[in-house]
Amino acid sequence: MSITRVEEHELLTFTAELAFDVESVFEAFVVPELLSAWYGPAGWHAREHDTVVEPWVGGMQRLTMVNELDLSASCIMQSRFLAFEPNAQLELAEQLPDPAGQPGDVLIYSRFRFDNDTVLTSSGVGAGTRVRVEIGPLPQNVHESVAQSWRSAFIRLDALLNPGGMTSHRL
């Protein structure tokens, strides 16, 4: 299965606009040291030494997420790449964590499309990257909370790509 077979009402879709070139944004999704520096919602972080990215179709993406308020609370986020098109698209099948924090039996599909575009950010209008995000199947009642989690992650991605600068993204 893939994201293309998720029913429309179960598909969360949104975009993020970043004032950075596609190559830099894509690299932050596939280089373990970069991915672990921004991935995850506010209140959680990925342990860098546990992050694995095998950048090919069938390869694994695996991160251990740790709660920043309770370091004993953690879970493993494990996915397989269904599509890997450098600087253009990633599609993953993610095993949601079970109650013990281990990869479980429920699969969620995610697709990220990266486009060079004119973007509007808090820094103004200019060249940048539009990331189109599609995630599902998800019940509609969790769409907003999942989107908000991703927005907080994109804020960290923006800060990573723009160290010492003002936030430039627009979600």
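Modeller: Glu85 is found in strand S5, residues 74–85; strands (E, at least two residues) and helices (H or I, at least four) are DSSP runs, numbered from the N terminus. This is a predicted model: local features need pLDDT of at least 70, side-chain atom pairs count only at pLDDT 80 or more, and totals for chains, interfaces and linings use all residues. Residues are numbered from 1 along each chain as its sequence is written, and side-chain values use heavy atoms, with hydrogens and water left out.

Biologist: Why does Glu85 count as partly exposed?

Modeller: Because its relative accessibility is 38%; buried means under 20%, exposed over 50%, and partly exposed in between, with a 1.4 Å probe and protein chains only.

Biologist: Which strand is joined to S5?

Modeller: Strand S6 (residues 89–97) runs antiparallel to S5, with 7 bridges joining them; two strands pair if DSSP finds at least two bridges between them. Ser79 stands opposite Glu94 in S6. The two strands form a hairpin with 3 residues between them, and Asn87 in the turn has a positive phi of about 60°.

Biologist: How many bridges join S6 to S7?

Modeller: There are 8, and S7 (residues 103–121) runs antiparallel to S6. Gln89 stands opposite Arg113 in S7.

Biologist: Changing topic, how many residues has the largest nonpolar core?

Modeller: It has 36 residues, and those with the most contacts inside it include Phe29, Trp38 and Phe112. Such a core is a set of buried Ala, Val, Leu, Ile, Met, Phe, Trp, Tyr and Cys residues joined through side-chain atoms within 4.5 Å.
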